[in-house]
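Have the sequence and the 3D view at hand while reading.

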Amino acid sequence: MLEQAFEALKTYKWGIDPKGIKPIQDAVVATHGNAAARKELESKLAAALDTDIPRAAKDSVCRFLKTIGTAHSVPALAKLLHDAELSHMARHALQTIDAKEAASALVNAIDKAPKKIKIGIISSLGARGKDVPVGALAKIVADKDPEVSAAGALALGALGSPESAKALGLAKVNDTNKVAVCDAMLQCAESMLAHGKKSDAKTVYGKVLSIGPSKAAKIAAELGIKASA
Amino acid sequence: MKTTRRKFLSSSGAATAALGFPSIIPSSALGNDDRPAPSNRIVMGGIGIGNMGRGDHRDFLNKKEVQYVAVCDARKGAMNQAKDKTDAKYGNKDCKTYADYRDILSRDDIDAVHIATPDHWHAQMIIEGCRHGKDVFCQKPESLTLGEGSLMVNTARRYGRVVSGGSQRVLQDYRGTVERCWNGSFGKVSSINVNVGPMSQPCNLPPENQPDDIDWEMWLGPAPWAPYNSKRCSGSYSTSGNSWRSYIDYSGGGMTDWGAHHFGGATFAVDVRELQPNKVVLDEIDGKKFVSLKYSNGIEITHNKPGVGQMRVGRDDVKREGKEIPKYAGSGGITGDFIDCVKTRKKPFRDVEYCINTMAVPHLATIAYKLDRSLEWDSAKQQFINDAEADRLRNRARREPWQI
């Protein structure tokens, strides 16, 4: 059944019944706890990404690798990151693969990515959190494109670390990225509060107020200052 | 009330005068009927205005405290129909239409929005709405994934926003069960069973010619790209392949769609609205799998337990002292509750945190069924215990350029 399903992948275009590739999903579940079988399954899936199977097939392979992918799959997925059609689904897997290599692949793809794809990669780094270097995102917050800068800010906010707050404090704020920068700083301050660092949080809330925030962010910062007392 | 709202209304009048039309101000606009004066009205817009949005639009439009000013939808027909209804209600042409919801959220004069898009948009719009200072009423199910929940609650709290879910059935449909649980006549309650489904499925429908009416990129939004197909985006209530409610990328299927109602009613009845389960036990009776979701206080919600009826409550029938049943604020059902809370800044009956705790039940159950194993959930950390693979299923990457 599994062999037939991999065969079905070769012609799996939009409109083909997903039942033909369901045995792969079944194998994803059935191989839990069986390292050898998992490795074999992952290898086959990663190899499939390096072939000319249809887009819908590669899309599905990325979905399977989201659950079982390891560092072994990262090179095959990383190759798709600059592909306008497949970048998103490659991130679908890389965002959750619990290996430093996955985070590195995302970081390394940023510089040469076109704007829209770049924003997607940055978004995945923020959502991923683990193994993401603050420095890479700090550089993005300083990007002259305000939409890219906003994406970097939100990713730093998702990390919520003191280092993130420091990087955000250096951001050049404009009308396009202001909502994102303020929200990111507020997230960092919340994280500080959650760790009992009231004074640090209050400082960050104060910084939000000092950059001329929107009415919403001003309310949020004032709420935060009360909570920091 | 916000000065920006007054500013908008006065600038509308200025625009009318500039165009040379006689400026006839209806007495209602001056607050001479039973409507509040314009400066005291809640200025609203609607995002996702067909299907369920149509009913919500009607409800809000008919509220005297509301001034409805904007509509947004990926389908032009639905959007224009809503504009026409709004304009007809007020006897003017002032309702603005937007193809991009961000243009509604960036309007400073708008206080609140209601959202009735497909589920894959809910978290994105709620979070962005809060960041822009909007109060939000969102149709159920409020989240598509487990991981979206805490982000939505945190953002609502960060900005001090009123965010209400949209299941009117939680209070309405299970009244008898809720009353007997809360008034003590059931005695000590230990469990409740919910029968609902199915789970959503992968979608690989063939491409079809895309009608001019729909902005397909905007309809898909943060969901994976896929070719247009009328069944993929149909708003019908089917969960068996004929609507977006059937498919993983846009919905949890009946499990979350009707599940938002049923699990909402169940968590209300047994009063675990403030909690999330900490154990998800996959079990089997006569070859039929079912899930038991266990709470730290000993309460258990079962899903599709063979031989057990819908909303069947496990109890000892030893009469105990009752407690007051929470109810809507204001008048006019769940939308009236939202409007009242926008004014008072109190938590609505379906506060976003209750909704997210409700949605955690079907999301957790779905992950257990998909992985075919029992799970333990740390609700404080919002992660599974010793199951990194299950953790991977909490979130999905958003299609570029969408980010929360």
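## Two domains in chain A

In chain A, the C-alpha centres of domain 1 and domain 2 lie 33 Å apart. The domain assignment places domain 1 at 1-124 and domain 2 at 133-229; such bounds come from an automatic or database domain assignment. Two residues are in contact if their C-beta atoms, placed from the backbone, lie within 7 Å.

Ala, Val, Leu, Ile, Met, Phe, Trp, Tyr, Cys and Pro count as nonpolar, Asp, Glu, Lys and Arg as charged, and the others, Gly among them, as polar.

## How the model is read

This is a predicted model, in which local features need pLDDT of at least 70 and side-chain atom pairs count only at pLDDT 80 or more, while totals for chains, interfaces and linings use all residues. Residues are numbered from 1 along each chain as its sequence is written, and chains are lettered from A and ligands numbered from 1 in the order in which they are written.

## The residue I110(A)

I110(A) sits in the loop between α7 (100-109) and α8 (115-128) of chain A. Helices (H or I, at least four residues) and strands (E, at least two) are DSSP runs, numbered from the N terminus.

Why is I110(A) called buried? The reason is that 20 other C-beta atoms lie within 10 Å; the term requires 20 or more, whereas 12 or fewer makes a residue exposed and values in between partly exposed, with C-beta atoms placed from the backbone. Apart from neighbours within four places in sequence, I110(A) is in contact with K118(A), I121(A), I122(A) and A136(A). From I110(A) to K139(A) the separation is 29 residues in sequence and 11 Å in space, C-alpha to C-alpha.

## Contact between the chains

Chain B brings 28 residues into contact with 37 residues of chain A. Helix α14 (residues 388-392) of chain B supplies the largest share of the chain B side, three residues. That side of chain B divides into 13 nonpolar, six polar and nine charged residues.

## The sheet of chain B

Six strands of chain B form an open sheet with parallel pairing, in the order β3-β2-β1-β4-β5-β6. Two strands pair if DSSP finds at least two bridges between them. The edge strands of chain B, β3 (96-98) and β6 (163-165), each pair on one side only.

Strand β2 (residues 66-72) of chain B pairs with β3(B) in the parallel sense over three bridges. C72(B) has Y98(B) as its bridge partner in β3(B).
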